[in-house]
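Keep the 3D view open and follow along.

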Amino acid sequence: MAEQRRNQRPTGARPSGGRPTGGGRPSSSRSSEGRPERGGRSDSRDSRGDRDSRGGRGGQSRDRKSGPRGAGSGRSVEKEAPRSADQAVYDGPELPDDITGKELDRSVIAQLKGLPEKLAARVARHLAAAGALIDEDPETAYQHTLAARARAPRLAVVREAAGEAAYAAGHYAEALADLRAAKRMNGATAYLPIIADCHRALGQPDQALKLAKSPSVANFEAEAKAEMTIVEAGARRDMGQMDAALRTLELAPLLSKSRAPWVVRLRYAYADTLESAGRTTDALAWFHRTDAIDADEITDAAERAAILEKAERG
């Protein structure tokens with residue numbers, strides 16, 4: 001996405017204009033194009049067969065012979081009862097015909113195999129649909145994951161997907177709950193940067209800092225470690241600790257020769273923090289350094305640099 005993903009806060013938490021562009025996001029729940037989910041009921045309802053394979057909504061069969069009581073014509077006149085809120089969540093958005101569920105990563109499909117066949121197929125389609133929509137329409141993606149979670153709430157991969165989609169849609173409390181549930185289920189620590197950023201978005205920077213100091217962060221891959229660094233620096237800024245935020249970023253590999261997105265995000269966060277600290281000349285230099293490696297335009301570094309240059313010219 002070419003548009004700016006983070007505005008004021010370097011993490012890009014939704015309250016400041018966008019969401020982090022990857023780092024902490026675990027890849028296991030993604031489809032081949034994106035990622036996935038949320039909901040809330042036991043999967044037992046679908047273990048008897050997917051809702052679409054039964055006659056009507058709510059598991060009630062329709063009597064197509066008798067028609068309405070008192071009608072002597074013998075013709076069937078049906079009036080479908082309005083769906084409840086829970087039913088609407090369970091049904092989820094309409095599934096595109098071209099979404100089969102096979103778009104998901106093999107590891108995700110493997111984790112769904114413990115479900116009854118029809119249930120697994122329905123959950124897979126909702127997860128794949130969410131993955132395809134999460135960048136362009138995160139709210140609809142979230143609704144797809146709600147439908148998946150309603151059917152299979154005890155699968156870590158489904159709760160993970162629900163948390164990611166909730167996060168993308170700006171539902172931070174829900175994202176926090178689902179990602180914590182996924183972590184309890186599978187023990188994975190890859191969610192920590194997102195969980196920490198949810199705490200920031202919910203006005204709890206102290207909790208974000210605690211997670212940033214978790215021993216497991218030292219063992220993160222470079223991308224996830226960079227995301228946690230950005231979140232940590234953002235939490236420091238939230239607490240008014242600008243110098244500490246700058247020091248946090250200065251300890252990161254800002255001068256890495258890599259052009260990977262995580263390096264772009266680190267440099268952008270540093271430039272943004274420099275500008276907020278009133279060091280506009282240094283900020284300008286770092287916006288230029290960011291733009292120099294931002295081939296995919298995941299930040300608005302070029303525009304930020306142009307604005308600062310114009311201000312300097314008076």
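## H11 and H12

Let's begin with a helix pair in this predicted model. Helix H11 (residues 261-276) and helix H12 (residues 280-293) have axes that come within 8 Å and cross at roughly 165°. Angles over 145 degrees count as roughly antiparallel, so H11 and H12 are roughly antiparallel to each other. Their crossing is left-handed.

## H10 against H11

H11 also packs with helix H10 (residues 242-250), at an angle of about 155° and with the two axes 10 Å apart. H10 and H11 are therefore roughly antiparallel to each other, and the crossing of H10 and H11 is left-handed.

The contact of H10 with H11 divides into eight nonpolar residues, two polar and one charged. Which residues of H10 are buried? They are Ala 244, Ala 245, Leu 246, Thr 248 and Leu 249. Their cover includes helix H9 (222-238) and H11.

## Trp 262

Helix H11 is also the place of Trp 262. Is Trp 262 buried or exposed? With a relative accessible area of 15%, Trp 262 is buried, because the cut-off for buried is under 20%.

Look next at Ala 226: it sits 36 residues from Trp 262 along the chain, yet the C-alpha atoms of the two are separated by 6.2 Å. Leaving out neighbours within four places in sequence, Trp 262 is in contact with Ala 222, Glu 223, Ala 226, Pro 253 and Ser 256.

In soluble globular proteins, nonpolar side chains tend to be buried together. Here, the largest nonpolar core has 32 residues, and those with the most contacts inside it are Tyr 142, Tyr 167, Ile 195, Ala 196, Cys 198, Leu 211 and Met 228. At least two residues of this core come from each of helix H4 (138-151), helix H5 (156-168), helix H6 (172-186), helix H7 (192-201), helix H8 (205-212) and H9. The largest share, six residues, is supplied by H7.

Ile 195 is a handy one to click on: not counting residues up to four places away in sequence, it touches Leu 176, Leu 179, Arg 180 and Leu 211. There is also a second, separate core of 27 residues, which includes Leu 254, Leu 266, Tyr 268 and Leu 308.

Most residues other than glycine have a negative phi. Glu 297 is not a glycine, but its phi is positive, at about 55°. To find Glu 297, go to the loop between H12 and helix H13 (301-313). At 46% relative accessibility, Glu 297 counts as partly exposed.

Notes: Residues are numbered from 1 along each chain as its sequence is written. This is a predicted model: local features need pLDDT of at least 70, side-chain atom pairs count only at pLDDT 80 or more; totals for chains, interfaces and linings use all residues. Side-chain values use heavy atoms; hydrogens and water are left out. Axes are lines fitted to C-alpha atoms, for helices over the stretch in contact, and angles run from 0 to 180 degrees between N-to-C directions. Helices (H or I, at least four residues) and strands (E, at least two) are DSSP runs, numbered from the N terminus. Angles under 35 degrees count as roughly parallel, over 145 as roughly antiparallel, 65 to 115 as roughly perpendicular and the rest as oblique. A crossing is left-handed if the near helix is turned anticlockwise from the far one by less than a right angle, and right-handed if clockwise. Ala, Val, Leu, Ile, Met, Phe, Trp, Tyr, Cys and Pro count as nonpolar, Asp, Glu, Lys and Arg as charged, and the others, Gly among them, as polar. Buried means under 20% relative accessible area, exposed over 50%, partly exposed in between (1.4 Å probe, protein chains only). Contact means heavy atoms within 4.5 Å. A nonpolar core is a set of buried Ala, Val, Leu, Ile, Met, Phe, Trp, Tyr and Cys residues joined through side-chain atoms within 4.5 Å.
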